[in-house]
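Here is a short briefing to read alongside the model.

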Amino acid sequence: MAVETEATSGDGALRETWRLARGWYGAAPWTAWGLTAVAVVLTLLQIALSYAFSDWQRDAFDALEKRDADAFQGQLWWFVALTLLSMAVAVGRLWARQVLAFLWRRWLVLKLQGAMLANHRHYRMEMGEGGADNPDQRIGENTRWATIMTVDLVLGLLHSVALFACFAGLLWHLSGTLELAIGGTVIALPGSMLIAAALYSGLGALVVWRVGRAMPRIHLDRNQAEADHRFALLRIREHSEGIALIRGEADEERGLARAYRGVEAAMLRLLRSERQLMWLGAGYMAVAGVLPLLLGAPRFFAGAITLGVLMQMTQAFVEVTRALSWFVENWPRLADWRGHVVRVVELERACEAADGQAGAPGIVIGAGEALALTGLSLGTACGRALVAEAAVTLRPGERVLVTGESGSGKSTLFRAIAGIWPWGQGGIAVPDRAATLFMPQRPYLPLGSLRAALAYPAAADAFPAEAAAAALRRCRLGALVPQLDKVSRWDRVLSLGEQQRLAFARLLLHRPRWVFMDEATSALDEANQAAMFALFQAELAGAALLSIGHRPGLDRYHDRVLALRPAPGGARLERVVPAASLWPVEAFRRGAA
C-alpha cells in the first residue's frame with residue numbers, strides 16, 4: 001500500500017469516516033442536517049409501524065383463535081392501511097438515504113479532485129514515491145462505495161438501536177417470569193425471552209467475528225488487485241500504437257494474465273470467507289424464528305398466554321434478535337466498507353504528502369521582474385543529482401537557448417522553472433505567471449472541440465472565431481479551420497508535428513510576455529521550425545523566450561546559448577559562444593513562405 005494510514009484498523013476507519021462526514025456537514029449544514037433529520041424521523045416512524053404490526057399480529061391471531069370473523073375482517077383492513085403507510089415510509093427513507101449518499105459523494109469527489117489538482121500535486125504524486133496508486137478508481141469508485149455504505153450502515157445501526165429500544169421492553173413484558181429449579185432451589189428469572197435473545201445474538205456475533213475477522217484485509221487486497229488490473233488495461237489503451245508497432249500483444253496478454261491472477265487470488269479468498277459465513281447466516285434467522293415458539297410453547301399449552309400473545313412474543317423475539325444481530329448481518333459489508341474508506345483516505349494523505357516532497361531547504365520560488373535562477377541545484381525523487389548551482393537571468397524580450405546532451409537535466413530545469421519539480425534547492429525568481437506560457441515537447445490537447453484545444457487553458461469561447469482561424473492559418477494549419485467546432489480526440493487525430501504547430505497557434509492567441517519551450521519544435525522540419533520561430537520576430541517580438549533543445553541550428557533563433565555540461569555532482573550551466581549569425585533574414589523569409 002502506498003500510504004500508511006490508521007484507517008486500516010476499525011477505529012481508524014471510523015475516525016476517518018467521521019472526519020470526512022464532518023467536513024461535508026460543515027460545508028453544507030442545512031442540506032446535510034436537514035436530510036439527516038428526515039432520515040432519522042422516517043427510521044423512527046418505520047420502527048413505530050413495526051410495533052403497530054406486532055399489535056396487529058396479536059389481535060389477528062387472537063381473532064382466529066376465537067373464530068371471530070368480524071374482528072378478523074377488521075384486522076385485515078387495518079393491515080392494508082399499515083402496509084400502505086409502511087410502503088410510503090420505506091420509500092421516503094430510501095430517498096433520504098440515497099440523497100444523503102449522493103450529495104456527500106459529490107462533495108467528497110470535488111474535494112479530492114481539487115486537492116489532487118492543486119499545487120501540481122497530481123504531477124508530484126506520479127513522479128515521487130509514496131503516491132496513491134490509481135487515483136481514478138479511488139475517486140470514481142471508492143468514494144461511491146465509501147459514502148453509500150457509510151450512510152446505509154449508520155442508518156441501519158440507528159434502525160437496530162431503535163428497534164431494540166422498542167421491542168426489548170415488549171419482549172420483557174411478554175416473557176413473564178421463568179422459574180428454574182436448581183438443587184431444590186427455585187430461581188425466578190424475569191425477562192427470560194429477552195435474555196435468551198441476547199445470548200443467542202452474542203453467540204452469533206462471536207462466531208461471525210471468529211470466522212470473518214480476515215475479511216477486511218481480504219477486501220483491501222481485492223481492491224488493490226482490481227485497481228492494478230484496471231491500470232494495466234488502461235496502459236494498453238494509452239499506448240496501443242506503440243504496442244501494435246512493436247507487436248507486443250503477446251507480452252501484454254501475459255502481463256494482463258498476471259494482473260488478473262492477483263484479482264482471482266483475492267476473490268477466491270473472499271468467496272471462501274463468504275461461504276464460511278453463509279453456513280452461519282443460512283440458519284441463524286431461521287432458528288431465531290422457531291426458538292421463541294419452543295420457549296413459549298409450555299406457557300401457551302398451560303393456558304397462561306393466548307395464541308396472539310405467543311405470536312406477538314415470537315415477532316418481538318425476532319425483532320430483538322435482528323436488532324442485536326446487526327454486527328452478524330453486516331460484518332461482510334463492514335469489511336468491504338473499511339477497504340473503500342482506506343483507499344479514499346490514502347488518496348487524501350497522498351495529496352497532502354505531495355506538498356512536502358521537496359527536501360530541505362528546498363526550492364524557493366519568488367516573484368521578480370525577470371527570470372532569475374540563483375544557486376539552483378536539481379535532483380531526482382530518489383536523490384540522484386542532475387543540475388548543480390545553475391545561475392542565469394532572462395531579461396524581458398531576451399531569447400535564450402539551453403542545450404545539453406540527453407539526460408543532462410534540461411527538461412528537469414524546465415519543470416523547475418514551471419514550479420512543478422520540488423526536488424532540489426536554490427532560488428527561482430519568476431515573472432507574473434499570468435503572462436507566461438510553457439510549451440512541452442508534446443502539447444496537451446484536452447478532450448472536446450478543436451477550438452477548446454486551441455484556447456486551452458482558457459475557455460473555448462475566450463477568443464473570437466476569426467482570431468482562432470487566423471492563428472491556425474499563420475501556423476500553417478489552415479486546413480483545420482473548418483473543423484474548429486468538431487469534437488474529437490485531437491491528440492490522436494493530429495500528428496505530433498501538427499500538435500506542436502497548434503501549440504504555437506495557441507501561443508498567438510494568448511500572447512504571453514514570457515515563453516518557455518522544451519523541445520517544442522522537435523517534430524517539425526526546418527521550414528516549419530523557421531516559420532514558428534519567425535513569430536518571435538513579428539507578432540511576438542516583445543516576448544522573452546527560454547527554449548530547451550539540442551537540434552542543430554536552433555542557436556540562430558536566439559540571442560545567446562547556454563549549455564548543461566556533465567560534471568561530478570550534477571551538470572553545470574555554462575555560456576556558449578554565440579553563433580556567427582543570429583536571426584538571419586533568409587531563415588525567416590523561408591519560414592514565412
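**Helix packing**

Helix α5 (residues 135-175) packs against helix α6 (residues 192-212) at an angle of about 130 degrees, with the axes 6 Å apart. This is a predicted model, where local features need pLDDT of at least 70, side-chain atom pairs count only at pLDDT 80 or more, and totals for chains, interfaces and linings use all residues. Residues are numbered from 1 along each chain as its sequence is written, and side-chain values use heavy atoms, leaving out hydrogens and water.

- α5 and α6 are therefore oblique to each other (angles under 35 degrees count as roughly parallel, over 145 as roughly antiparallel, 65 to 115 as roughly perpendicular and the rest as oblique).
- On the α5 side, the contact (heavy atoms within 4.5 Å) is made by Phe 164, Ala 168, Leu 171, Trp 172 and Ser 175; α6 brings Ser 192, Met 193, Leu 194 and Ala 197.

**Salt bridges**

- The count comes to 19 salt bridges (a side-chain nitrogen of Lys or Arg within 4 Å of a carboxyl oxygen of Asp or Glu).
- Arg 19 and Glu 16 form one at 2.6 Å, N to O, and both lie in helix α1 (residues 10-27), 3 residues apart.
- Glu 16 is buried at 10% relative accessible area, while Arg 19 is partly exposed at 25% (buried means under 20%, exposed over 50%, partly exposed in between, with a 1.4 Å probe and protein chains only).
- Glu 398 and Arg 560 meet at 2.4 Å, N to O, and this pair links parts of the chain 162 residues apart.
- Glu 398 is buried at 9% relative accessibility, and Arg 560 is buried at 10%.

Key. Axes fitted to C-alpha atoms, helices over the stretch in contact; angles between N-to-C directions. Helix = DSSP H or I, 4+ residues; strand = E, 2+ residues; numbered from the N terminus.
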